[in-house]
Amino acid sequence: MNQNIICWFEIYVKDIERAKKFYNTVLGTNFIDSPTPDGSIDMKMAFFSPMENQGVSGALIEMAGTKEGDGTCVNSMVYFPCQDASVEESRIKAAGGLVNRSKFSIGEFGFCSICVDTEGNPFGLFSME
């Protein structure tokens with residue numbers, strides 16, 4: 001398993017084509033468009049680098065229910081790698097946080113839990129099991 005403390009990030013956007021153009025201009029990044037992991041969520045994804053990247057990778061996400069940035073707040077999410085996301089998820093409530101979405105499948109890519117820390121920051125837990 002990847003040994004980075006963060007394994008994935010998402011930047012929520014209102015217009016994914018505009019965001020891809022911005023990051024391509026600024027960083028020289030060529031994005032890899034991707035269908036949603038399980039096909040059931042109406043969203044658009046564009047990867048910063050291939051999923052096989054052994055470092056930290058991420059994606060631009062255009063999806064209803066997310067809020068793009070306004071220049072004053074952070075609207076991104078980091079994911080922390082785990083052996084089994086349900087194990088770390090089980091510690092969230094006792095630590096003062098909450099679980100927004102309990103462990104769920106993202107298809108062939110593994111599983112995620114969406115949580116909130118004691119400061120109101122969302123974060124994800126990711127595992128292959």
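## Exercises on a predicted model

Asn-100 touches Ile-114, Cys-115 and Val-116, leaving aside residues up to four places away in sequence (contact means heavy atoms within 4.5 Å). This is a predicted model, where local features need pLDDT of at least 70, side-chain atom pairs count only at pLDDT 80 or more, and totals for chains, interfaces and linings use all residues. Residues are numbered from 1 along each chain as its sequence is written, and side-chain values use heavy atoms, with hydrogens and water left out.

**Exercise 1.** Find the element that holds Asn-100, and decide whether Asn-100 is buried or exposed.

*Solution.* Start with the element: Asn-100 sits in strand S6, residues 98-105 (helices, H or I with at least four residues, and strands, E with at least two, are DSSP runs numbered from the N terminus). Next, take the accessibility. Asn-100 counts as exposed because its relative accessibility is 52% (buried is under 20% relative accessible area, exposed over 50%, partly exposed in between, with a 1.4 Å probe and protein chains only).

**Exercise 2.** Work out the strand order of the open sheet and name its edge strands.

*Solution.* The eight strands of the open sheet follow the order S2-S3-S4-S1-S5-S8-S7-S6, with mixed pairing (two strands pair if DSSP finds at least two bridges between them). Its edge strands are S2 (32-34) and S6, each pairing on one side only. Now look at S2: three bridges join this strand to S3 (residues 43-47), and the two run antiparallel. Within S3, Phe-47 is the bridge partner of Ile-32.

**Exercise 3.** Which side chain meets Asp-33 in a salt bridge, and which parts of the chain does the pair link?

*Solution.* The partner is Lys-20, at 2.8 Å from N to O (a salt bridge is a side-chain nitrogen of Lys or Arg within 4 Å of a carboxyl oxygen of Asp or Glu). The pair links distant parts of the chain, with Asp-33 in strand S2 and Lys-20 in helix H1, 13 residues apart. Compare the two ends: Asp-33 is exposed at 52% relative accessible area, whereas Lys-20 is buried at 12%.

**Exercise 4.** Where does Asp-84 lie, and why does its pair with Lys-103 tie together separate parts of the sequence?

*Solution.* Asp-84 forms a salt bridge with Lys-103, with the closest N and O atoms 2.8 Å apart. Asp-84 lies in the loop between strand S5 (76-81) and helix H2 (85-89) and Lys-103 in strand S6, so the pair ties together parts 19 residues apart in sequence.
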